[in-house]
Amino acid sequence: MISPAVSRANGKHHGKAKGRAARPKPKAPALRAVKPGGLSNAQLLEVYRAMMRIRVLDDRMITLQRQGRVGFYGACTGQEAATIASGYALRPGDWVFQALREQGVALMRGLPLVPLIAQVFGNSGDLTKGRQMPSHPASRAVNHVSWSSVIGTQLPHAVGVAWAAKLKGHDTVAMAFLGDGATSSNDFHVAMNFAGVFKVPVVFVCQNNHWSISVPTKNQTASESIAVKATAYGMPGVKVDGNDVEAVYAAVSDAVSRARAGQGATLVECETYRMGAHSTSDDPTRYRDQNEVEEWKKRDPIQRAFKRLQSLGAWDAQRDEELRAELLEEVNAAIKAAEALPAPALDTLFDDVYEHETWNLAEQRAELKAASR
Amino acid sequence: MPTLNLLQAVNDALRLEMRRDSNVVVLGEDVGKFGGVFRATAGLYEEFGPDRVIDTPLAEGGIIGTAIGMALYGLKPVPEIQFSDFIYPAFDQIVSELSKMRYRSGGQYTAPVVIRTPYGGGIKGGLYHSQSPEALFIHQAGLKVVSPSNPYDAKGLLLSCLRQNDPVLFFEPKRVYRAAKGEVPEGDYEVPLGKCAVLREGTDVTVITYGAMVHEASIAVDQLAEAGTSCELIDLRTLWPLDIEGITASAHKTGRVVIVHEAPRTCGFGAEISALLQERCFTSLCAPIRRVTGFDTPFPYTLDEEYLPLAPRIRRGIEETVSYEA
Ligand SMILES: Cc1ncc(C[n+]2csc(CCOP(=O)(O)OP(=O)(O)O)c2C)c(N)n1
């Protein structure tokens, strides 16, 4: 059912067939051998619920941004299957390195809604004390590491975490998310290279959403795919229909199992689409064709997951409406609670630069206090 | 007490701490079997094996980026950047990631990586094996910057760095790697961070320096002592956090200050020290604060000794400062 969407890149299968006309292009082995999805109906429903939760949250946050209540937002919209099904393949002790759009993974892994939304407001309920732009959460409790905004920089960190786990003899896996644009960064190269050389338990999940702000993927790379790049680093690369929950889960859980079993890193390319703007600061009508967006909306991962659940007899439109209403109520209640929280205390501006405050920061703290009296 | 050179003292500190703390790992280019191009990690691979003394691919961004991840997970990575001139491929990881991890995560995550790197001139290394980039890192909130001038401090400061929880740039003055010799206790001891050393007390002028130029300043100060000028010589040891009390006390006492460093003058650390002392010691100062430094050129291959602020130039700077009358 999903097989055409899934192919595996490795050294043997990705030599360009052109110029060697006699040889037929080798068939990519179907990953379906792994077994379809591997998700029970109950699990599929759990994933679906987490996808829906982030969709509802994203929609509300974008509205709040338009109302001037939050400063910025980067949404997952259109990429929920790639995001959530990937995160679902992890165990609680595993580590996650997000890029802009994967806060839904932290949510699914137990970060409560209120601190997550407080991060968007940047107020005192934010675990990171209002220091970063929205869509940059971090939570030690769920091993969700702080991301910097600098595209690609989180990738070597994930390799380092996985490497340390390996050196300590733990079976922890690190998962790093990245966009297609990030595959052009130098950190992508060094991370893939180190991961390959030291065979560390890391899974790179590239969300190829076709756009890096206004730049299409073909302007990022001349490679036939992103997955194929893995070959050069001596690790498997897998390309998967990123809007198909079961396909993503199959590919990513396979990669996670390989990592946990000491077989090293994998690059999974999820082919998906950024249905909305790059961020609330962006206007995609200036650079992309609306027809393309409409085409991809037909492949909306949430609708597809809904249809799949329906065909399995596990879900229906009525329950779907109820779920949506329930999640909206939950999100709205959390927004209300989070928005009511005060700004971070003035003093927090100077905390956490060093473990112990240095003299210059003590002086500057006093200076700010005196000026704001 | 054994007499060691600065390199041996660094090696001694690493070995001691690796024996004491199994979380310490060394990584970098050629640090393993070869023991580093300067031999700073010699013998560690044999004792601790390839999992703790790791030869990495040639990518400084990867060395520091993965070290950050290791530290997040609870290891104590000590990456070596083979020459500080090659730290720039890792500059983004140091500036955007390493220095800010604690702050941006609200204190939830820290990456206390200790980056060791040889710096400065004196080995006929031309533009790319001679630079002194310390000011670039002092400018980053969240980093500590340390530079020993002698073997005793090298061991004690490195041990201190390895036992605290902030990221550190540990700049080793390669000009005196072998030339600086001294007695170094065999066992464990720490030299505290953030404390300068007054190497010689004096009353006429304060000379503030660090790293290899401590030795040049000593020569100048010795010569001036014979001529009757009493210089107070300060080795900063920790550049950041700076020992502000130590240097202001001395500036108040002498009223005249000369700052010496190899790095180019403009926006060098001397500029910051000068500004701080001017803000704090204005009424005590009897002469403009003088900087004797590398020039605002790239580091030259052939005329390297002319570029460096060696003893003759330091001496002249001190003399002019001491004889200044308003
Ligand atoms: C190093 C760096 N360069 C530029 C930017 C500005 N920027 C932010 S997101 C982005 C595009 C990222 O595209 P991609 O990696 O495909 O992820 P997506 O946003 O599509 O999820 C750019 C250029 C940045 N944040 N970091």
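## Strands 9 and 11 of chain B

In this predicted model, strand 9 and strand 11 (residues 231–235) of chain B pair in the antiparallel sense. Three bridges hold the pairing. Within chain B, B:Arg200 stands opposite B:Leu233 of strand 11. Strands of a sheet pair through backbone hydrogen bonds, either parallel or antiparallel.

The two strands belong to an open sheet of five strands in chain B. The strand order is 9-11-10-13-14, and the pairing is mixed. Strand 9 (197–200) and strand 14 (290–294) of chain B are the edge strands, each pairing on one side only. On average, neighbouring strands of this sheet are turned by 25 degrees against each other, direction ignored.

## Strands 10 and 11 of chain B

Which way do strand 10 and strand 11 of chain B run, parallel or antiparallel? They run parallel, and five bridges join them. B:Val205 stands opposite B:Cys231 in strand 11 of chain B. From strand 10 of chain B the chain crosses through helix 8 to strand 11. This β-α-β crossover is right-handed.

Strand 11 of chain B is mostly covered: five of its five residues are buried. In a regular strand the side chains alternate between the two faces of the sheet. In strand 11 of chain B, B:Cys231, B:Leu233 and B:Asp235 point one way. B:Glu232 and B:Ile234 point the other way. Both sets are buried, the charged-type names B:Asp235 and B:Glu232 included.

Helix 12 (residues 311–323) of chain B lies across strand 10, strand 11, strand 13 and strand 14 of chain B. Helix 12 runs at about 170 degrees to strand 14 of chain B.

## A cis peptide bond in chain B

Where does B:Pro241 sit? It is found in the loop between strand 12 (238–240) and helix 9 (244–254) of chain B. The peptide bond from B:Trp240 to B:Pro241 is cis. Its omega is near 0 degrees.

## The contact between chains A and B

How many residues of chain A are in contact with chain B? The count is 36, and they meet 36 residues of chain B. Helix 5 (154–168) and helix 6 (186–198) of chain A are the elements that give two or more residues to the chain A side. Helix 5 of chain A supplies the largest share, ten residues.

By residue type, the side of chain A that touches chain B divides into 19 nonpolar, ten polar and seven charged residues.

## Around the ligand

The shell around the ligand has 16 residues. Those that come nearest are A:Ile151, A:Gly179, A:Gly181, A:Ala182 and A:Ser212. The shell divides into six nonpolar, seven polar and three charged residues.

## Positive phi in chain A

A:Ser135 has a phi near 70 degrees, a positive value in a residue other than glycine. A:Ser135 lies in the loop between helix 4 (113–121) and strand 3 (144–145) of chain A. Is A:Ser135 buried or exposed? A:Ser135 is buried, because 26 other C-beta atoms lie within 10 Å.

A:His210 also belongs here: its phi is near 75 degrees, a positive value in a residue other than glycine. Its loop lies between strand 5 (202–208) and strand 6 (211–212) of chain A. A:His210 has 19 other C-beta atoms within 10 Å, so it counts as partly exposed.

A:Glu269 is placed in strand 9 (residues 266–271) of chain A. Why does A:Glu269 count as buried? Because 27 other C-beta atoms lie within 10 Å, and 20 or more is the cut-off.

A:Glu269 and A:Cys206 are 63 residues apart along the chain, yet their C-alpha atoms are separated by 4.8 Å. A:Cys206 is also among the residues that A:Glu269 touches, not counting residues up to four places away in sequence.

Methods
Residues are numbered from 1 along each chain as its sequence is written. Chains are lettered from A and ligands numbered from 1 in the order in which they are written. This is a predicted model: local features need pLDDT of at least 70, side-chain atom pairs count only at pLDDT 80 or more; totals for chains, interfaces and linings use all residues. A residue is near a molecule or strand if its C-beta atom, placed from the backbone, lies within 6 Å of it. Two strands pair if DSSP finds at least two bridges between them. Helices (H or I, at least four residues) and strands (E, at least two) are DSSP runs, numbered from the N terminus. Axes are lines fitted to C-alpha atoms, for helices over the stretch in contact, and angles run from 0 to 180 degrees between N-to-C directions. Two residues are in contact if their C-beta atoms, placed from the backbone, lie within 7 Å. A residue is buried if 20 or more other C-beta atoms lie within 10 Å of its own, exposed if 12 or fewer, and partly exposed in between; C-beta atoms are placed from the backbone. A crossover is right-handed if, with the strands pointing away from the viewer, the path from the first strand over the helix to the second runs clockwise.
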